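Please read them with the sequence and the coordinates open.

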Amino acid sequence: MLVNYRDEYKKIAMGLLSFIPDLKDLSHLNSEMAWYQQSANRPMYLWRNADEHLIGIVCLEIGDEYVLIRRLSFTPSDRTGRNIFALLNAVHD
């Protein structure tokens, strides 16, 4: 289930994004988080599994005729095709 990003999820979101090799550096990660929070056209959603744990994150850029997935990350133990396709289907819906 997709969950809208809120400030109370900041540490979880940063932890999930830190699994992306480009975002291992804390200053780059902070600037990336700030970039998404500057515009309503760049939402972040967390992915909650059936056990109610936040296991993934998707960062989008929404234009007039497109939705671009800019970042997608899961915890290492939850990087399965099933989770990825469920998240992508939820974004589509």
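1. A residue is called buried when its relative accessible area is under 20%, exposed when over 50%, and partly exposed in between, with a 1.4 Å probe and protein chains only. Strands (E, at least two residues) and helices (H or I, at least four) are DSSP runs, numbered from the N terminus. By these criteria four of the five residues of E2 are buried, so this strand is largely enclosed by the rest of the structure.

2. On provenance, this is a predicted model, in which local features need pLDDT of at least 70 and side-chain atom pairs count only at pLDDT 80 or more, while totals for chains, interfaces and linings use all residues. Residues are numbered from 1 along each chain as its sequence is written, and side-chain values use heavy atoms, with hydrogens and water left out.

3. The sheet is open and consists of four strands in the order E1-E2-E3-E4, with antiparallel pairing, where two strands are taken to pair if DSSP finds at least two bridges between them. Strand E1 (2-4) and E4 stand at the edges with a single partner strand each, so one side of each is left without a neighbour in the sheet. From one strand to the next the twist averages 30°, angles being taken from 0 to 180 degrees between N-to-C directions, and axes being lines fitted to C-alpha atoms, for helices over the stretch in contact.

4. Strand E2 (residues 44-48) pairs with E1 in the antiparallel sense over three bridges; Val3 stands opposite Leu46, and the bridge partner of Leu2 is Trp47. E2 also pairs with E3, again in the antiparallel sense, over five bridges, and here Trp47 stands opposite Gly56.

5. Helix H1 (residues 10-17) lies across E2, strand E3 (54-62) and E4, and runs at about 85° to E3. Helix H3 (residues 81-92) packs on the sheet and touches E1, E2, E3 and E4, its direction making about 150° with that of E4; contact here means heavy atoms within 4.5 Å.

6. Which residues of H1 are buried? They are Ala13, Met14, Leu16 and Leu17, and they cover an arc of only 165° around the axis, which puts them on the same side of H1; the arc is that of the directions from the helix axis to the C-beta atoms. An α-helix has 3.6 residues a turn, so residues three or four places apart point the same way. The buried residues of H1 pack against H2, E2, E3 and E4.

7. A nonpolar core is defined as a set of buried Ala, Val, Leu, Ile, Met, Phe, Trp, Tyr and Cys residues joined through side-chain atoms within 4.5 Å. The largest has 17 residues, of which Leu17, Met33, Met44, Leu46 and Ile57 touch the most other members. H1, H2, E2 and E3 each supply at least two residues of this core, and H1 gives the most, with four residues. Apart from this core lies another, of six residues, among them Ile55, Val58, Leu60 and Leu87. Beyond its neighbours within four places in sequence, Leu46 has contacts that include Met1, Tyr9, Ile12, Leu16, Leu54 and Ile57.

8. A search of the whole structure finds four salt bridges, each being a side-chain nitrogen of Lys or Arg within 4 Å of a carboxyl oxygen of Asp or Glu. In one of them Arg71 joins Glu32, with the closest N and O atoms 3.0 Å apart; this pair links distant parts of the chain, since Arg71 is in strand E4 (residues 67-74) and Glu32 in helix H2 (residues 26-37), 39 residues apart. Arg71 counts as buried at 16% relative accessibility, and Glu32 is buried as well, at 12%.

9. Arg70 and Glu61 meet at 2.9 Å, N to O, with Arg70 partly exposed at 41% relative accessibility and Glu61 buried at 19%. Glu8 and Arg6 meet at 2.7 Å, N to O; there Glu8 counts as exposed at 59%, and Arg6 as partly exposed at 42%.
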